[in-house]
Amino acid sequence: MIRGNMVEFRKDIFADERDDNLNEIGKPTRRQDITGHVTGRSPFFDDHLFEGLLHLRCVRSPHHAARIRRIDTSAAQRMPGVMRILTGQDVPVNLNTLLSLLDFGIDDEPILSTERVRYKGEPVAAIIAETEAQARDAVAAVRVEWEVLPHVLDVEEAIKPGAPTVLDIYPGNKFVYHGKYDHQKLRLGDVEAAFREADHVIEGRYQMSPIEQAPIETCGAIAAPEQNGRYVCYTSTQALFFSLGTASKVLATPSSRLHFIGGTVGGGFGGKVDSIHEPLAILGTMLTGRPVKYAWDREEEMQVGAPRGAERWYLKDAVMNDGRILGRKFTGYFDSGAYTRLSSYAIIKGVGHLPGPYTIPNVHADVYCVYTNRTPATAMRGFGITGADFAIEAHMDKVADTIGMNPVELRILNAYRDGDMKAHRRLAKNCALIECCQVVAEKAGVKLSPEMQAASSRVGGGGARAHLPAFTATDEHGRVSGYKATNYARKGAKPPDLPGAPPMAQHVSHQASASAPPAPQHSPATPVPPGPPAPKRAGPIRFSSLSGFRRR
Amino acid sequence: MTFKPISFTLNGSSKAAFATEGQNLLDFLRRAVGDLSPKYGCGQGTCGACTVMIDNVPQLACLVLAESVEGRAVNTAAGLANGPRLDPLQEAFMERFAAQCGYCTAGMLVAARALLDANPRPSREEVIEGISGNLCRCTGYEPIIDAILDVAEGRVQA
Amino acid sequence: MAIHRGRGFAAINYPIGMNLGGDPSQALVHSNPDGKFTVALSAIDLGQGMKSVCRQIAAETLGVPVEDVYVDTADSDTGPHDMGSFASRGTHRMGNAVIRASAEAREVMLEAAAEELEVDPGDLMTDGKGNIHVRGAPSRTITVMAAAQAAQFRQGRTIAGRGIFLIPLSDVDPDTGEMSPVTTFAHAAMLVTVEVCDETGEVTVTDMQSAYEVGRALNPRLVEQQLRGGAWMGMSHAAWETTEPYYPARDHGPVDFNSYIMPGPGDLAPHHISVLERPAEDGPYGGKGPGEMCANPVLPAVVNAVYDAVGVRIDELPVTPEKVLRGLRALGGAKPRQRL
C-alpha cells in the first residue's frame, strides 16, 4: 500500500478528453493573495479602522420558545456608553426569508423579534455602545418579560399531531412544497414491486449531526456613513449581492445607496451567507450617524450562528444476491430549526442527488423540511448532500456485508455510467465514479475481479439503462390544501378560504402581523430612520419558486 | 472611561498610545496602534489567531492586558519581514501553499518564528507541538508543518 | 485492552453549482493603456482561491501572462452581480463568465493589433508571453502593450469585455421530482484505515487513500489545498465535531474551541491523493469544483472502517468513544470483520 501525504495526477485516465497544452491553465501558479496573507496585510472586514466606531450586540432569548410580554430597555439606556437601543419597531421591514431575493418561500423570520421567540439565542433587541464591553453590560441590563411556551426539538416529534407549532404559517411544522405536498417527492419506477422481487430487503436509520462551520474569522460587518447619502459596509459575507439585496429589502433602502465591500474572507464553509450582520450594522449607522460594527463573538458563532442542520434518513434497499440494487426507498427529515433560511432549498438539492451515484431502476423518496425550536440551519460545505451521502454510503456497506460482497465491487457494479437514466429523469454523462473506485482499490491493495477492473464509466451505460421505467408509482400522500401558489405569497394577498384548509386564521394573522406587528411595550420609543419609502416589489421577479409561492 | 498611556516597542520601533481600562493587547494593537496583523478568532485564548511575541515569548494577545506591555518588546507578523525582504517562513508558506483564507496565517507565522528562534532545528513532532495552539480550518495543517520544516531543515532561505 | 484495525470505503459524486441553475455570475475585464488587465468581479475569496483561479482563466483566454492580470473583487460599486461563493459554483459559473469577458476583450485587442500590423485580426495569435504575431510569420509581431497603447491613444478603442454565465432555471415536478439539478458532477472514492481501542472507545484515523475526479485541475496546487484540507474536515465531522453532542437535546452545546473539538496538527492521518480529470463539457477549460465534495466520502468511510475493525455500526455522527463503547457492550465485545 502506498502511504504518506502524496498527491498524484492520473493524467493517463480520460487523457483523450483533454488538451493539456495550455499556457496558464493547469499551472501551479502561486495564489494572487498569498503575499497579503503571509505579511498580515490582507484586508478582512474588520481590518478597516474608523474613528468613533460603535459596537452592536444583541439581547437574546434564553428560552427555546416564549412570548415576549415586554421589553424594558430603560435601565440599559442609562448605562455608560450606550448610544442607541434597537428593537423590532426600528427595522423598516422586520420580516425576511433568506431566499426571498430568489422568490423562494415566505418571509418568516424577524430581524429582531417582537412577539415570540422560537429558539434559544433569538435576538429581540440590539444595544449600540461606545465599546464592546459597554454593549455587553447594557445587554445584561435589558429586562424582558417572557411567557415560556412549549417547545419541540426532535424532527419526528415535531410532525406528530399536537406538537407545539413553531411557525404559524407552517401548521404541521413542515414546509409546503409547490403549494401541494408537505414534503418533496422523488418517484421512479415502483419500489414496492422491487422489494417483492428482491433476495434481500435491507433497512437502516442514519443521523447526521449538526455541524458548526467554524471559520477562524467570525461573521460580521462594519457599516459607516459614506457620502452623498450613501452607506459603506465592509462585510465577511460569502455572497456580496445576497447581503446587499437583503439589506436593501430589510432597510427599505435602494441598492444605489449601499456600497458593499468584501471578498477577502477568513473562511466561510457556508456559514457566511445568512446576511445577518449587514442590515443591523447599517441600521445602526443610519440611526446614530456613526460607524457601527456588528460581529459575533466565538460563543455566538457556535450557538446562534446557523449550523449545518441535522438530518435523519431512513433507507430501505431491494438487493439481489449478485449485488444488483433493484430499488431504494428514502424517508428524510431535515431539521430546519426555527426558520426556513436555506433548508427548504437544501432538500430539493438533496432529492435531486438521490439515490447517490448509482443506477437503480426503482427509487422512492419523501423528504421533509421540519421546523423545530432550535437555531435555524443554513448552508455548509456539502450543503444538502453530505448527510445524504453519509446515509447512502454507510448503507452501501451494510448491503455489501449482508450479501457478502466486496464493498468496492458493490459500488462499481451499481455505479452510474454515461447514458444511464437517473432518478431525476435526466441522462447521466461525464461519469467517473468507477474510475475513482478502481484507483483507490489499486492503491490500497483491494483485489478486484478482472471484470470490475475492466469496468468503465464510458462503457455499458445507456441502451436499456437509458429508458424510463414503463410504470412509475405515484401517490397523493402528504397532500395539503389551502395553499395556492399564485396568490399566497404576494404581499397583501389573502390566502384562499378553502374547505378543509389548514387553520387559515393563523395565516392571516401572521401575514397581518408581518406588516404591522403589535408593539410590545418598550421604552424609549424609537423613530424609523430617515430614508425614502420602501420600493414596491411587485410583478415577476428574477427567479421562480420551488416552494410554489411563485409570483407569475 | 479612563485612558492609560502605554510606551512599548513594536517590531523594533518605539510606540506610545492610550489604552482604555481593561483593554486587551489585541484590541489595543489593532485599534489604538494600528497593527492589524494579529486577528480576533475567539477572544477566549483557544484559537491562536492573535499570537504575538512579548519579549520573544509567544503570547495570546486577547488574554494579555494592554497595560502589561509597558516598557516591553512586542513583535507581530507585521514585523517579520525586514523591509521588502520576507522572513524565510513567509517564503516557505507561500511556496508550500500553506495558507488558504489567510486568517490564521499571521498568528501561525509568529508561533512558528518563536519556535525556530528557540529551537532552530525542530523535529516534526516539535513543530506540531509548537503550532498546536494555533487553529487552522482550511489546510489540514500538513502544508504548514511542511513549510516550517522546510525552513528548519534549510530548504528555504531568505 | 486491544487496538483493532479496520478499513472502510465510500464513493460519492457531487453536483457543481446551485441546484436547478438560475444562478448567474458576471465579470468585467479591461486593459490599462500598457496592456495590463484588471478583472472586476463581486465573487468572494474565502480561501478557496477565487481570485487566483479567475486570474489564470483570464490570462489563458486573453493570451497574456498571468502576471499581467489582476483580479479585483467584491466592491459592489465596481464588480457586477454574482450569486456568491457557495454550492461549488465559483469556478464553474464565474470561470465561464470570466472566459466570456476575456474573449470579448481579446477580440478588441486583436483588432487593435491587426490595425497596427495591417493584417486581418483572424490571422493573429498570442504567444502567452505578451506578444501578438501573425500566424505562420512570427517576425510580424506587436507587443500587447503596444497594441493597448495604440487602441487607447491612436485608434480610440476600449480593450474591454463583459461576460455573464447563466444556466436557466429548471422546474421541479411535485409528483415525481423530475428536475435538471446541475450540468456536471465531481466524483470521489475514499478508503480509510482506523484503529479502535476497545477499552476507551477511541477511534483514530491512521490513513486515507483517495481518488478525486475534479474535471480539469485548473491549478493543481489549489486543487490539492481543497482536497487535503477538505478530507481533514471530513475526518473531523466523522469523529470530532458537533454543535449538539446530545442531539436532539440542546444541552452541552460547545461555546469555545475547547468544547468544539477538531483534529489538531498532532492528530493528522497521512492522506495519499490521486486526482482524475474528466473535463466537464460546459466547465471553464473543463473545470468543475473540488471545494465541497472533498469532505463527503470521509464520513461514511470512517463509520464503515469502525465496523470493519470491531463490528459496531455507528449510524449517528459523530463517532464518539461513548457510542463505540455502548456498541461494544451491546455486541459483547469487539467482533472484528476484516473484510477489506
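Two residues count as in contact here if their C-beta atoms, placed from the backbone, lie within 7 Å. Keep that in mind, and remember that this is a predicted model.

**Exercise 1.** Describe how domain 1 and domain 2 of chain B touch.

*Solution.* First find the domains: in the domain assignment of chain B, domain 1 is 3–78 and domain 2 is 88–152. Their centres, taken over C-alpha atoms, are 21 Å apart. Now the contact itself: 14 residues of domain 1 of chain B meet 12 residues of domain 2 of chain B. On the domain 1 side, strand 3 (residues 51–54) of chain B has the largest share, with three residues. By class, that side holds eight nonpolar, five polar and one charged residues.

**Exercise 2.** Decide whether helix 2 of chain B is parallel or oblique to helix 3 of chain B.

*Solution.* Take the axes of helix 2 (residues 88–95) and helix 3 (residues 105–118) of chain B: they come within 10 Å and cross at roughly 130°. So helix 2 of chain B is oblique to helix 3 of chain B. Their crossing is right-handed. Helix 2 of chain B makes the contact with B:L89, B:Q90 and B:F93, while helix 3 of chain B uses B:T105, B:L109, B:A112 and B:R113.

Note on methods
Residues numbered from 1 in each chain as written. Chains lettered and ligands numbered in written order. Predicted model: local features only at pLDDT ≥ 70, side-chain atom pairs only at ≥ 80, totals over all residues. Domains from an automatic or database assignment. Helix = DSSP H or I, 4+ residues; strand = E, 2+ residues; numbered from the N terminus. Nonpolar A, V, L, I, M, F, W, Y, C, P; charged D, E, K, R; others polar. Axes fitted to C-alpha atoms, helices over the stretch in contact; angles between N-to-C directions. Parallel < 35°, antiparallel > 145°, perpendicular 65-115°, else oblique. Left-handed = near helix turned anticlockwise from the far one by under 90°.
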